[in-house]
Amino acid sequence: MSFIKDILFSDLLLTKDQFSFRYEGELQSVPDEYHDDLNDLFNKALNHSPVESEFQLEHDSIFYRAVVFDDAKGKCVVLRRLQNKVFSWRDLRLPNALKNAIIYEGNPNKEVVSKGGIVFIFGETDSGKSTTLNALIHELALLKGWVFMTFEDPLEVLFDSSAYNTGARIIQRNVRSHELVDGLKTALRSNADVIKVGEIRDEEGAQMAVQASLSGHTVLTTMHASSIGDGLSRFSKFLGDNGNAAISNSMRFCIHQSLSQTEDFSNRFLSLKCLYPHQSVKNVINDGNFNQLATYSDSQTSKLVFGG
């Protein structure tokens, strides 16, 4: 019997008669040799006790977020694969120049780790956005004894604060979308140094993130977007009439990332674009010309990712 943990994927969609998995945003049928293992997983999800519509499930040392619901033909189970470990920047083979540009805001001193601003990670589903943000939290916690607060639905990985000799405290909360604003208010009252928001989906959450970033908290967040320009344009619409100005004042750094898989699903390749808000970039954002950001992004990516 072959085991589904050996295939790289983001989601599984299981019904009694059909097993599918998602990669690069598309559903594909799972090969027959994995069906016995998936039958076990499917039944484990259906037999979960107490019965909940959404819960965390472990199977063959892999953790999943499981959602169970009824369709016209019976039960349907959707499983999102969760991570078991926090990856470092080095684990992910991300460029040090990119990390330093985010952490030090381009400061050549490389000793002063500044706070404030929003770090955006844009990308499609299963592009590794949260993995990159978690790696950034890990790198910051190695440097500074700060308070980190994360708000996600669900928690995708658990940090161990005792692993950081800086004294960093990483407080993680599982919150639903409608609980996010209250969570951000708690982070502000608690004077958290770094705030991670799993994803910003509405106007109130966007406004709170900007407020936090402008008052000295570093905000890390993800958004579904096809490019940096697309993501910032969408975020601006959340903020209303003053959205462009709010972004140019609060943006710290942007990354867009995508993952491509090999034909046998055994490996994936990461592609990155990045953008740092120097004055020319801020001017473009203030004018709302988000489609022009690609030129600046290409130039900065060449320098920070490829060393050009």
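Me: What volume does the second largest pocket have?
Reply: This is a predicted model, in which local features need pLDDT of at least 70 and side-chain atom pairs count only at pLDDT 80 or more, while totals for chains, interfaces and linings use all residues. Residues are numbered from 1 along each chain as its sequence is written, and side-chain values use heavy atoms, with hydrogens and water left out. On a 1 Å grid over the protein atoms alone, a pocket is an open set of points where a 1.4 Å probe fits, with protein on both sides within 12 Å along at least five of seven lines. With volume taken as the space filled by probe spheres set on the points, joined across faces, edges and corners, the second largest pocket has about 290 Å³.

Me: Which helix gives the most to the lining of the second largest pocket?
Reply: Lining residues, which have an atom within 4 Å of a point, number 14 here, and Ala101, Gly106, Tyr276, Lys303 and Leu304 lie nearest the centre. Two or more come from each of helix 2 (96–103) and helix 9 (293–304), helices being DSSP runs of H or I with at least four residues, numbered from the N terminus. With 4 residues, the largest contribution is that of helix 9.

Me: How many disulfides does the structure hold?
Reply: A disulfide is a pair of cysteine sulfur atoms within 2.5 Å. For cysteine 254 the nearest cysteine sulfur, that of cysteine 274, is 9.6 Å away. The number of disulfides is 0.

Me: Is cysteine 254 buried or exposed?
Reply: Buried means under 20% relative accessible area and exposed over 50%, using a 1.4 Å probe and protein chains only. Because its relative accessibility is 0%, cysteine 254 counts as buried.
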